[in-house]
Amino acid sequence: MSSSATPASSVTAHAQLELKALLDTAVDAIIIIDDRGRIEQFNPSAERMFGFSAAEAIGQDVAILMPEPHRTRHGDYIARYLRTGEGHVLGIGREVGARRRDGSVFPARVSLGELRTGGSARFVGFVHDLTEAKQAQVDLSEAHRRAQSYLDLAEVILLALDASGRVTMINRKGCEVLGFTESELLGQDWIGRRVQESAREAVRSAFATYLESGDPELHANHETPILARDGRPRHIAWRSSLLLDDAGRVVGTLSSGEDVTERRQAEEEVQRSRDRLTHVSRLSTMGEMAGGLAHEINQPLTAISVYAQAGARLLKGDGSTDTAELATVLEQISAQAIRAGEVIRRLRAMVKRRPTERTTLDCSQLVGELITLAEPDARASDVVLQVNLVDTPLPVHVDVVQIQQVLLNLVRNAIDATVAAADAPRRVEIRTAALADDNVEVSVVDNGCGLPEQASERIFEPFFTTKTTGTGLGLSISRRIVRDHGGRLYCAANEPRGAIFSFTLPLSTEEHP
Amino acid sequence: MNKSTTTVFVVDDDAPVRDALRLLLRSTGHSVESYASAQEFLDAYADDRPGCLVLDVRMPGMNGLDLQDRLNERRAILPIIFITGHGDVPMAVEALQAGAMDFLQKPFRDADLLDRIAAALEKDAANRRDLLEIGHIAQRFEELTPRERAVMELIVEGKPNKVIAGDLGISQRTVEIHRARVMEKTQAGSLAHLVRMYLRLQESA
């Protein structure tokens with residue numbers, strides 16, 4: 001602080017000391033000028049800020065602290081104010097450029113006040129260096145810009161919703177996928193407008209539940225059909241987190257989403273192909289069994305026919321027909337018709353194309369129903385089909401037709417293998433077992449020709465076959481079906497000869513009805 | 001033909017078919033015995049019981065063709081009518097070659113079955129008559145002494161007494177005596193009758 005003269009007219013010595021302390025300790029530069037713009041006071045902060053010492057500055061025109069154009073015009077500003085009383089800067093802060101001694105310019109906030117002491121006007125200026133603040137602001141906007149570019153570069157959709165479900169942020173990818181501009185989407189009721197109607201209620205309640213959880217560690221994964229501009233739903237797989245404010249209140253959600261529409265479509269296409277193949281393979285198996293099944297239907301038809309003809313003969317006979325006997329005949333006819341119908345019903349179930357449908361039932365029921373289909377085939381090939389089921393209930397949750405297809409396939413193979421082995425007695429056994437690891441094992445055991453050693457894994461490959469007829473698809477499809485059910489399909493040699501094919505199924509925890 | 005002395009044996013593993021056949025055959029006056037398996041029938045059947053067999057081809061364990069083989073081995077003459085589902089042509093051929101009477105495809109008209117059963121029973125009766133006759137003939141021929149038998153074999157070859165005497169190194173008179181004994185023991189009314197009986201024995205051997 002300079003010790004130069006200060007007008008002392010009405011200032012006490014005490015006040016002078018206080019003013020000096022104030023000026024010395026102020027962080028901002030404090031500069032007092034007279035009505036011609038000459039510097040009267042220049043505090044230590046001003047010295048540091050501008051690079052002039054107080055001694056150098058005092059008496060100079062304050063314009064030296066300003067860059068152009070203010071540098072040349074400043075004199076006019078003061079003159080105009082003094083003449084008209086109109087000031088653009090007095091009493092209000094303003095951001096301006098300030099000039100250091102070395103000519104460099106820095107951003108500053110300047111507040112001006114007029115000091116009316118005595119006759120002539122004097123002005124006091126507070127100058128706050130904004131260099132750091134500006135830098136921080138630049139850093140912030142840089143960070144923001146960078147963040148935005150990250151958001152935009154991201155190959156995933158990034159979406160922020162507020163607690164009412166309105167869009168507060170969506171990145172470029174999100175706009176691209178949906179075919180909207182950012183401004184069209186911002187503020188939009190996301191669930192009400194963008195979620196496909198069929199899923200809307202579920203999503204709305206899930207969103208509410210998620211917000212209520214208030215747990216920022218809880219991530220929600222869900223797949224939602226989202227309506228794009230063209231009205232077609234896109235399947236988006238989302239992973240969401242809660243957004244909390246500083247007080248820990250839930251303010252919304254942030255989600256990253258991946259457009260899985262094509263993947264889903266491809267998966268669905270693969271599934272459809274598999275279903276077709278499974279169906280064709282089933283048909284092929286059924287075709288191989290047609291002879292046996294025809295026999296199975298022919299038997300009740302024969303019984304019906306013979307009963308009916310016998311009944312007719314009884315009626316046409318000597319007139320003393322035993323009506324009780326006739327009633328028995330008619331009951332038998334009915335029972336045999338139902339028996340034939342049952343075979344056809346089973347057959348239809350196997351031949352029909354239908355969507356996958358899982359139900360819970362006992363393993364023994366699964367095997368039992370299959371026997372109706374497999375038995376005639378076995379009989380036709382002179383094979384004794386034995387069934388050995390464990391007594392305890394073994395509930396499984398399966399697509400019955402598909403698992404029966406697997407079983408049928410294994411039984412068919414076993415029958416063929418025993419026929420190929422030529423020597424009697426031909427035996428095929430179906431047995432169930434409860435494994436220690438909460439799995440059920442169903443095995444088909446034969447005393448047939450066994451497996452060629454080198455073929456034991458190849459038999460599960462598509463189109464691999466050791467038979468002269470057959471598609472070579474049965475086992476590969478069977479293995480896939482079993483895998484889809486969470487089980488395994490494998491084979492081993494039987495002693496002294498033949499093969500054992502087994503598959504596992506997880507025990508269902510569901511209560512068997 | 002007497003239905004009361006003949007039996008229609010039915011072998012079919014399918015209980016309703018078996019039961020229906022029993023009812024049909026009973027209603028037409030036949031006496032019926034039915035069996036659920038080939039083995040059961042084999043164990044129960046005595047070869048001298050007349051009748052016919054209605055046999056299902058496809059059965060677990062021993063099938064119809066196996067049963068036919070076993071009966072042939074036993075020289076049982078029971079005529080067999082096979083009944084089968086469709087599409088068993090190779091089996092039908094095999095069965096007929098092995099001497100089956102007939103082959104009926106299920107389901108069948110009762111008249112077809114009953115006609116075939118009637119024919120089979122007639123054939124069985126004829127076979128049994130025949131068999132009985134051959135038995136009698138054989139019995140008579142067995143009464144011949146070795147010398148008489150030797151003379152008989154040369155007689156049926158059509159050789160005159162003189163040639164037979166030369167062949168056997170005996171007198172023509174001795175041949176005449178043996179010849180008379182042969183005709184008497186075999187109850188042959190003529191040379192032609194003797195030849196016929198001799199050929200039947202040869203055929204059935």
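Below is a chat about a predicted model with chains A and B.

Reader: What are the ground rules on numbering and on the model?
Author: Residues are numbered from 1 along each chain as its sequence is written, and chains are lettered from A and ligands numbered from 1 in the order in which they are written. This is a predicted model, where local features need pLDDT of at least 70 and side-chain atom pairs count only at pLDDT 80 or more, while totals for chains, interfaces and linings use all residues, and side-chain values use heavy atoms, with hydrogens and water left out.

Reader: How many helices and strands does chain B have?
Author: Nine helices and five strands. Both are DSSP runs numbered from the N terminus: helices are H or I with at least four residues, strands are E with at least two.

Reader: In what pattern along the sequence?
Author: Chain B reads β-α-β-α-β-α-β-α-β-α-α-α-α-α.

Reader: And chain A?
Author: Chain A has 15 helices and 17 strands.

Reader: What share of each chain is buried?
Author: In chain B, 44% of the 205 residues. In chain A, 41% of the 513 residues. Buried means under 20% relative accessible area, exposed over 50%, partly exposed in between (1.4 Å probe, protein chains only).

Reader: Switching to the interface. How many residues of chain B are in contact with chain A?
Author: 27 residues of chain B touch 24 residues of chain A. Contact means heavy atoms within 4.5 Å.

Reader: What area is buried there?
Author: About 2,200 Å², with 56% from carbon and sulfur atoms. Buried area is the accessible area (1.4 Å probe) that two parts lose on being put together, summed over both.

Reader: Which residues of chain B lose the most?
Author: Leu23(B), Arg58(B) and Pro107(B), together 26% of what the chain B side buries.

Reader: How many salt bridges cross it?
Author: Three, by the rule used. That rule wants a side-chain nitrogen of Lys or Arg within 4 Å of a carboxyl oxygen of Asp or Glu. Separately, Asp110(B) and Arg313(A) meet in a salt bridge, 2.8 Å from N to O.

Reader: Now helix 9 of chain A. What is its span?
Author: Helix 9 covers residues 197-213, and its end C-alpha atoms are 25 Å apart. That agrees with the 24 Å its 17 residues should span at 1.5 Å a residue. The expected span is 1.5 Å times one less than the number of residues.

Reader: Which of its residues are buried?
Author: Ala199(A), Arg200(A), Val203(A), Phe207(A), Tyr210(A) and Leu211(A).

Reader: What follows helix 9?
Author: Gly214(A), with a positive phi near 65 degrees.

Reader: Back to strand 9. Where is Leu243(A), and why is it called partly exposed?
Author: Leu243(A) sits in strand 9 of chain A. It counts as partly exposed because its relative accessibility is 30%.

Reader: Last one, Ile164(B). Buried or exposed?
Author: Buried, because its relative accessibility is 0%. Ile164(B) lies in helix 7 (residues 161-168) of chain B.

Reader: What is Ile164(B) in contact with?
Author: Leaving aside neighbours within four places in sequence, Val151(B), Leu154(B), Ile155(B), Lys159(B) and Val175(B). Leu154(B) is ten residues from Ile164(B) in sequence and 6.6 Å away in space, C-alpha to C-alpha.
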